Every structure is written in C-alpha cells, then in structure tokens.
Amino acid sequence: MSKKHLSPVFLAVVAIAVPLDNSLSATAQTPDNTQQVTEVATVESNHLLPQETGNNGVSKNQETPVAATAVVLEPQSDSSTPAVKVSTANSASIATPEIIIPTATAPSTTAQLLRTALSGNSEPRAKAEVIIPTATTPSTTAQVLRTALSGNSEPRAKAEVIIPTATTPSTTAQALEPEATPETNSSQENANPPTAQPVSPNNAETAEPRVLVSEVAVTSPTGPISPELENQVYQAIRTQPGQTTTRSQLQEDINAIFATGFFSNVRAVPEDTPLGVRVSFVVDPNPVLSKVEIEANPGTGVASVLPANTVDKIFSEQYGKILNLRALQEGIKQLTKEYQDKGYVLANLIGAPKVSENGVVTLQVAEGVVENIKVRFRNKEGQEVDDKGNPIRGRTKDYIIQRELELKPGQVFNRNIVQKDLQRVFGLGLFEDVNVSLDPGTDPSKVDVVVNVAERSSGSIAAGAGISSASGLFGTISYQQQNLGGRNQKLASEIQIGERELLFDLRFTDPWIAGDPYRTSYTANIFRRRSISLIFEGKDDTIETFDPGNITNRDEQDRPRVTRLGGGVSFTRPLSPNPYQKPDWVASAGLQYQRVSSRDADGDLRKEGAIFNDNGVQISPAIPLTESGTGEDDLLLLQLGAQRDRRNNPLQPTNGSYFRVGVDQSVPVGQGNILLTRLRGNYSQYLPVKFLGFGKGAQTLAFNLQGGTILGDLPPYEAFTLGGSNSVRGYDEGRLATGRSYVQASVEYRFPVFSVVSGALFFDYGSDLGSSTKAAEILNKNGTGYGYGLGVRVQSPLGPIRIDYGLSDDGDSRINFGIGERF
C-alpha cells in the first residue's frame, strides 16, 4: 500500500459537540438480493480521561466513560490483503484557525473521538464549543470530545462560539439510506446530500465533532481495483487529507460513491495514525455486465410484447463494461420509452434489478396484462345508476361490443389498439359516447378493462323527397331498426314513389354473423320494383306498348314498365386473417331470384313494343320486351364479386384507388329458360395535384375506367345503357347507347372554391363497342360518344350534392343532378 504522510507541522481540527444516535451506515443490494449494511467501523475503548477545569467552570475531577462498540456486519478476511490507494494533503490545505493539535503522546485520541461519535452513545449538548488547546495539553482533544459526547458536564456559560451545523445524524441517515439502495434506483439525481441547517444559540440541535483526516484510502475486499474506479471514488468524495470531516460528511461521501453507479457496497473505516485519522473507503465493485434480460409478466404466463432483440439494442453498448447502475437506469428509461412508443403505457419495472455473479441483469417488468373486459352502460348524463340506485341496463348484448375489440383477456394493454377498438365500437352507430376505464385485477400486475357506453335510440322513421336525373322527382318513406334484439342486426323497409319508379324493399342485415371469426355478414331482402326502363327510350323516339287487338289505340300506347318481384340473400367477407384490420380485398357471394315482367301503365302484361307516330301508327318493327316473349321471365342469378378499396376517403377521395370486379351467372329455370353470364369491372385512381393556387382544400385528378359484357342469352331489360349523370354527361339518361357490351372512361379535375363549395372539370367517353341491341337500333342511338363540362359540389349531411353541366359531342347540353361523386 502506497502512502503519503502529513508533515509534522502545526495542524488544526475543529471539534464541535453533537449527539450521534445512529452509526454511519448505508444499505446496498447485492447481486443475490441479500442485504448488506455499510458501517463506519469503531473500536472498543474503555479508556477514561480526566476532565480539566478551565475558566468555564467545568470540574477537573469529573470523568466521563466512553464506550465505543465496534459494529461491523461484514468483517474482512484476515487472509485477504485489500488494495489501498492513499492520498495525502499538505499543510497548506488547512484553512481554519480553530484547531486541536494531536500529539505523539496520544495517537489514538482523534480516531477514538470519531468512533465514539459514530457509536451514538453520547447525549446531546445544547451548544457547540471551539476549544483551542496547546502543545502542553496532549490529552485535551479526546477529553473535550468525550465530554461533549457524554452529555454529563454542565453547560458552559463563557467563551462559547456557536458554529452552524448539519442536520442531526438520525435525520441524515434516514434521508440518505434510500439513495444508497439500488432497489430505489440509486443514481446521481437521487443521491442528494442532506441540506445543512444553521445552528443558533437557541437551537436545540448541536454541531457534530470534526476530526482531522491524515489519509484517505480506497480498498476492495475482492482484490485490486482498477485506477478508473479509484478515480471515480476520489472524484465523488469530499473528505480529503489535511482537512476535517464529520459523520455526516462521511455519510455523504458513501452516498456519493454509490451515486457513481459502479459499486454494490461501500464502507468507511477510520483508523488512528500519529497525524490524525486515516479513512479507508472499502468498496465492492459491480461485476462486468454481460447480458440484460427481461422477465415479463411474472406469474401470468404471458410472454413479453417486445421483440427479442429490443433489450440488446438498448444495452449492448454497456456489455463488457463494469455494471454502472446510473447507465443501467438510463437504459431502463429507454426501455420504458420503447414500451410507451409502442402503446404499452401500463408497462412498469417491478422490484429491483437482479444481478447475478456472472454479470447478467434481470429486469422484472409488469407490462399490464388484461384479466377481463367488461361492459358498463351509462345514461346520457354519464351516470352508471338510475334514480333508485340500480345499475343502468342496456339493450345491446355485451358480446356485440366485446367482439369489436381487438384487445382480448390475456393480452397486454395497448393504448393504440384500444383507440382503434373504440372507433369501431362507436362506428356501430348504436352509442352516443364510448370510452374506456381501468379497474384493478385480482393480481397487481393485471387490470380489468371497462368499456363505458351510452346508448342512443336505434329506431327511426324518415320521410323525404328528392330529384335525380334518372328518377326525376321522388318521395320516400322509410323505417329502420339498427339494433334488433340488442344484437346489432338491422331491419329496414322503404317505399319510394317517383315519376319513373315505384319501389318497395324490406331487408334484414346481420353485419357480423355470431361466432364467425372473419366478420362475415349477410343481407336478405324481398322487393318489388316497377320502373320506366331507359333501355326503350331514345333521343327523339320511344318504344311503347300496345294492345295487340287494337294496335292504333292511342290510349293503350304507353312506355313499358319493367316490374321486378323477387328476393335474395348475399354474403360478404373481408379477405383478411385479422378481422380488426382494414382488408385489402372483400369478397361477396349471393343468390337472387326475380320474376321480371313488362307491363303498361295500368299494370297489364305487354309482350311487345314499337315506335308509333303522333297518329298512333306503328312506324317500326315490333320487338319482344322479354326473353320468353310472354311478357314474363324467371331469372335466377348466382352472383360473385370482389373489391379492393385503397381510397383515403370513400365519400370524397383525394388519393388511392378502387377496383371492383363481378360476375353474374344465371341458372336456366322457369319461363325464358335464361342462360347468361354477365362480367363487369370498374377501376378508379385518385392523384393529389396542385394546378391552381387558390383555395385551401385538396386538389385531385381522378380517373375512372369501367366495362362489361354479357355472354349467352340477353333479355332486353338486362342490356347495358350509356349516357346520363352516372355515365357520359351531356347526354340524357340512357340516350347514348344500349348494348351487350360497353366501355366507359372518365377524367375529372376536382378543386376547392370556398367553404363547402368545390368545383370540377370533367371529360367522359362511352361506347357499346358495336354491340347495340334491336331496341337501340330502331331508336337510332349513337352507340359511341363523349361529353365534357364543369360541375359544382356542395357539401351536405347526405354527402356532396353534385350538379354538372355537360356538353355532348352532338352539341347538346344537359344539367345532371346526383348525390355523391361520380366515381
């Protein structure tokens, strides 16, 4: 052990009397979780020194016994020689004039004073005194300190100097003990020294005794320590050779050493030397960090939600180095942030990190396992009980809400997932308010998730009127029940009466078949629809029905009405393994039966139609209005379809694409024995652009391409029609073409104008590809044409109200109305 000694010069130490009720200690957690107590070791001494009488009136014959008991929980082995580094100060470092001079005749008195003070056996004194002895009184130092510690002398009344002192030892130990314990995440921020309190003449607390330090050493019971760790200790402590120290200062030094993060245990051991007290800081360095592991959700059997390499990414830079608890704490903060960023907001480190002898640190993390998911109903005022104190009962079945939650019992609570779950629950349209609260589970590491909902009225009756290019003026009356039986099943009926159409429809929809894991839905409906078909209308002429017994009877000549009476069922399933994510594809399959008939305005069956002049004279060949030629057909269709929707907004898309394809296959049954295959496809693309500099809304360039064909039989009423608000604008509804096949293309530039008003420039093209039907030929429809123009969109609760002014290639113009964008 290398040492540096103080020169035999005039040294000084201030002695201040103070009560020491507790020994100097700090608690640390060892790698195997056994508790160690760090103590300043004292030696047993029963040496009695006589008190001298000075001018202060204290009796010379009074003796004060000092019994300092050694308290060392972990004595060092005699066989091991600790490595020690000693730093020594020169005489110039002594700055205080109040001194006690130790002499060679009393080498043990200074250390004995410190140990006696640390033993806590002295009584508190009322005042602090500064005594300046001379070289002729070698025993004055210990005598004065012991007298101060004993508390048996009378209070001095003269020559007293009051010195500010730190807090009492017991208060200091209580304040510092947690910071010295790794279980409380010892770090530089936590290792705060005690705050000094000034001592006034009326203060009941007294100052601590100060002793001279001759040497400071750093040693380890495990063998030599690296110079780097030694420097960490020397930079942390305030106790220096040639200066005085106190019990509180040593306690602060121990906590400061702990705060470096490199040590699992620290002890301060004072020893007497001829020149003062030699203080040895005995430290146990932490092991070299080799690995950090997570023990997630102990006792639950739920694995960690973090990827396996997350911990190594955070702590890899610390591997191979001495374990530093401060650096470990910073890594734990990064780990906590990783949980937070991924939405696992309940993740929390439990207990202290476990450090094994081979340097493996195990972190126990409770990530917040969901034990149960409950549904709690509230009224519109947010109350959970009624006026009688009974819980609010809802109509909706609990499983309707719970199946919308991707979060399940046994999983770890995730804020991001829960937010999406609440959006889906609110999207059911059954509730006015939806939120989540957490209740404690049966295990402290588990929680119960409570979904709080306030129901809204689910039944409605509505009446309205409107106008469209295809139907003209019309009025509707409808009834809808959105939560039939509390199972989120929908029952709806509608009656629509218009200039061109009479409709009755009754349908039942289950948006998620109970027990199905893929969110399969189905709809069943029955309907009766009578409409004036656009297929039989041309630009200048119209095909009309007639009385076969009196063809020229003008009263019986009228536009044919196509009546469809039938019903069907269709199933829809998202093609995704996860029913809680937006699917890329959605498939549908259905079966539909229709009894199709052609009738006149009085409802009488009519088999054929022709063009008549104003005098009622037939001027075109008669054509059949149904496939069977009897005026009635049976049409049984198997319908298959698929769609992919990547639009950012289904109502007003500004980016993305939409694709749909479908096939209808008829089964030849009943009248007409119809066998047909209908193929259709539709694709739209939306591109954000910035052509104009005005307006704050989005500008979009939209493209649409669609087409279709019918193979096999072609009943007249099933042909494709072109022209109108949803086809080639600038033409009247159905006036451009009627054919077995068609292709249609459109491009629109959509731009904002102000507030709720936006504009559009468009160009449409359509063709029947030369597949015109007999009806189109006698009506002299173009078959191919285009239109262009501009439009206005006005936002409304029903969606954008669309008004387009279009010009056709024939030079005609038309204003088209509609709800929603054209595509």
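**Figure 1. F508, Y522 and F571 form a cluster joined by ring pairs.** Welcome to the first close-up of this predicted model. Ring pairs connect F508, Y522 and F571 here, and the structure as a whole holds twelve aromatic pairs. When looking at any such pair, keep two quantities in mind: the distance of the ring centres and the angle of the planes.

**Figure 2. Two arginines lie over the faces of phenylalanine rings.** R729 sits over the face of F762, 4.0 Å from the ring centre.

**Figure 3. Helix 9 spans residues 415–427.** Its 13 residues reach 18 Å from the first C-alpha to the last, close to the 18 Å expected at 1.5 Å a residue. Now for the two ends. At the start of helix 9, a side-chain oxygen of N414 comes to within 2.9 Å of the backbone nitrogen of N416. Just after helix 9, G429 adopts a positive phi of about 80°.

**Figure 4. Helix 9 has a buried side and a face turned away from it.** V418, D421, L422, R424 and V425 are the buried residues to look for. Seen down the axis of helix 9, its buried residues fall within an arc of 160°, so they line one face of the helix. As a handy reminder, an α-helix has 3.6 residues a turn, so residues three or four places apart point the same way. The buried residues of helix 9 pack against helix 8 (398–402) and strand 13 (431–440). On the face turned away from the buried side, you will find the exposed residues K420, Q423 and G427.

Methods:
Residues are numbered from 1 along each chain as its sequence is written. This is a predicted model: local features need pLDDT of at least 70, side-chain atom pairs count only at pLDDT 80 or more; totals for chains, interfaces and linings use all residues. Side-chain values use heavy atoms; hydrogens and water are left out. Rings of Phe, Tyr and Trp (its six-membered ring) pair if their centres lie within 6.5 Å; planes under 30 degrees apart count as stacked, over 60 as edge-to-face and the rest as tilted. A charge sits over a ring if NZ of Lys or CZ of Arg is within 6 Å of the ring centre and within 35 degrees of the ring normal. Helices (H or I, at least four residues) and strands (E, at least two) are DSSP runs, numbered from the N terminus. The expected span of a helix is 1.5 Å times one less than its number of residues. Buried means under 20% relative accessible area, exposed over 50%, partly exposed in between (1.4 Å probe, protein chains only). The arc is that of the directions from the helix axis to the C-beta atoms. Contact means heavy atoms within 4.5 Å. A polar contact is a pair of N or O atoms within 3.5 Å; within protein, one must be able to donate a hydrogen and the other to accept it, and residues adjacent in sequence count only if both atoms are side-chain atoms.
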